[in-house]
Amino acid sequence: MPRFRAPRFDERLTIVEHLDELRTRVIVSIAALGVAVGLCFWQNHLLLDLLNGPLPAGKKPITLSPAEPFLATFKVSAYAGILLALPVLLYEAYGFLLPALSPAERRVIVPFLVLVPLLFVAGAAFGYYVVLPAGLKFLLNFNSDQFQVQVRAGDYYGFATLTLMAMGIVFQVPMGILALTRLGITTPRQLAKNRRYAYLILAIVAMLLPGTDPITMLIELAPLLVLYEFSIVLARAFDRPAASAPPAIDETG
């Protein structure tokens with residue numbers, strides 16, 4: 001019988017029961033994703049209007065093939081559906097992994113389940129309201145007197161959705177650093193001490209993000225630096241107590 005309740009930490013399941021639970025959670029995830037994509041495709045005009053918002057006034061993407069309007073619309077709906085179904089997907093993944101987690105580990109992971117979607121939405125919003133308008137203004141006006149600038153629908157929607165998703169992912173920096181500190185791989189003190197090297201790595205990450213112009217890179221770098229500093233504060237707040245570490249043994253006698 002399908003299981004909708006996550007097993008307890010001390011509950012023993014057979015391989016068949018694990019596979020049955022995995023099948024149920026995969027079906028629920030696929031169903032949630034399908035409903036989300038269908039809902040977004042139903043409201044595709046709203047999504048396309050939102051993505052066209054950062055474009056200069058009066059400019060609309062053009063299409064160069066008969067199938068491009070449908071393919072571009074479906075791609076946007078699929079990306080939006082993934083974002084809409086993200087809480088369900090995370091919950092199902094957490095429910096399947098729950099038996100392998102101790103109560104203490106569960107208390108650590110629950111904040112991640114709440115903060116990951118929130119940070120992703122915050123990153124996507126920053127990309128939409130700040131990164132995209134600034135990047136498009138620079139790119140579309142660069143040598144505009146030498147070119148007849150047109151925006152192809154497939155290329156623009158791919159660029160816009162990739163930018164929003166990339167910003168949503170990079171906004172997970174606090175969660176990644178918090179995980180490293182909770183696992184004992186690093187400490188808040190080491191993070192603060194090696195700040196200059198972290199800034200260099202973040203600058204390289206900003207260069208690899210969508211947007212090849214220097215304006216977009218600088219705009220993308222700014223929140224990364226802020227998020228890194230916020231990560232240090234967050235890591236200090238959730239740092240494991242020093243009492244959990246075993247006392248040093250004095251072997252000098």
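Does Ile-30 count as buried or exposed, and at what relative accessibility? At 55% relative accessibility, Ile-30 counts as exposed, because the cut-off for that class is over 50%. Welcome to a quick tour of this predicted model, which has nine helices and zero strands.

**The whole chain**

- Reading along the sequence gives the pattern α-α-α-α-α-α-α-α-α.
- The protein has 253 residues, and 37% of them count as buried.
- If we take contacts between residues at least 6 apart in sequence, 79% of them join residues at least 24 apart.

- Ile-30 sits in helix H1, which covers residues 15-42.
- Together with Ile-15, Leu-19, Leu-22 and Val-26, Ile-30 makes a nonpolar surface patch of about 480 Å².

**Val-170 in helix H5**

- Helix H5 runs over residues 153-170, and Val-170 is found in it.
- Val-170 is buried, because its relative accessible area is 9% and the cut-off for buried is under 20%.
- Setting aside neighbours within four places in sequence, Val-170 is in contact with Leu-209, Leu-224 and Leu-227.
- Val-170 and Leu-202 are 32 residues apart along the chain, and their C-alpha atoms are separated by 9.8 Å.

**Helix H6 and what follows**

- Helix H6 spans residues 173-182, and its buried residues are Val-173, Pro-174, Met-175, Ile-177, Leu-178 and Thr-181.
- Just after H6 comes Gly-184, whose phi is positive at about 80°.

**Helix H8, face by face**

- Helix H8 has 14 residues (195-208), which at 1.5 Å a residue should span 20 Å; the C-alpha atoms at its ends are 20 Å apart, so the two values agree.
- The buried residues of H8 are Ala-198, Leu-202 and Ala-206.
- Looking down the axis of H8, these buried residues fall within an arc of 80°, so they line one face of the helix.
- That buried set packs against helix H9, residues 214-237.
- On the face of H8 turned away from its buried side are the exposed residues Arg-196, Tyr-197, Leu-200, Ile-201, Met-207 and Leu-208.

Key: Residues numbered from 1 in each chain as written. Predicted model: local features only at pLDDT ≥ 70, side-chain atom pairs only at ≥ 80, totals over all residues. Heavy atoms only, no water. Buried < 20%, exposed > 50% of the residue type's maximum accessible area, 1.4 Å probe, protein only. Helix = DSSP H or I, 4+ residues; strand = E, 2+ residues; numbered from the N terminus. Patch = residues over 30% accessible without salt bridge, like charges linked within 9 Å, V, L, I, M, F, W, Y side chains within 5 Å. Areas by Shrake-Rupley, 256 points an atom, 1.4 Å probe, with all protein chains shown as cover. Salt bridge = Lys/Arg side-chain N within 4 Å of Asp/Glu carboxyl O. Contact = heavy atoms within 4.5 Å. Expected span 1.5 Å × (residues − 1). Arc of directions from axis to C-beta.
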